[in-house]
Amino acid sequence: MAPPPFVASPGFSPGAARRDVPVLHRTVNGHPLIWLDNGATTQKPRPVIEALAAF
């Protein structure tokens, strides 16, 4: 039996997630930065950075 097809959560917005991660506002050679994440290099969303700074 084949696994069910992937369906994105209706509550998830890639654009909203991108706005919260400061490094993704950079461009490289005139193109938007694309970050292929892994556990060792996870970027922090702005709310996490602000919470760490406040602490």
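**Figure 1. Helices and strands of the predicted protein chain.** The protein chain holds two helices and two strands. Along the sequence they run α-β-β-α. Helices (H or I, at least four residues) and strands (E, at least two) are DSSP runs, numbered from the N terminus. This is a predicted model: local features need pLDDT of at least 70, side-chain atom pairs count only at pLDDT 80 or more, and totals for chains, interfaces and linings use all residues. Residues are numbered from 1 along each chain as its sequence is written, and side-chain values use heavy atoms, leaving out hydrogens and water.

**Figure 2. Confidence along the protein chain.** pLDDT is the predictor's confidence in each residue, from 0 to 100. Its mean over the protein chain is 79. Of the residues, 76% reach 70 or more. Helix α1 (residues 14-19) has the lowest confidence, at a mean of 81, and β1 the highest, at 90. Where pLDDT is low, the predicted coordinates should not be read in detail.

**Figure 3. Surface of the protein chain.** The chain exposes about 5,000 Å² (Shrake-Rupley method, 1.4 Å probe). Carbon and sulfur atoms supply 65% of that area.

**Figure 4. Asn 29 in the β1-β2 loop.** Asn 29 lies between β1 (27-28) and β2 (31-32). Its phi is near 55°, a positive value in a residue other than glycine. Asn 29 counts as exposed (over 50%) because its relative accessibility is 74%.

**Figure 5. Asp 37 in the β2-α2 loop.** Asp 37 sits between β2 and α2 (46-54). Asp 37 contacts Thr 42 and Gln 43 (heavy atoms within 4.5 Å), not counting residues up to four places away in sequence.

Notes
Buried means under 20% relative accessible area, exposed over 50%, partly exposed in between (1.4 Å probe, protein chains only).
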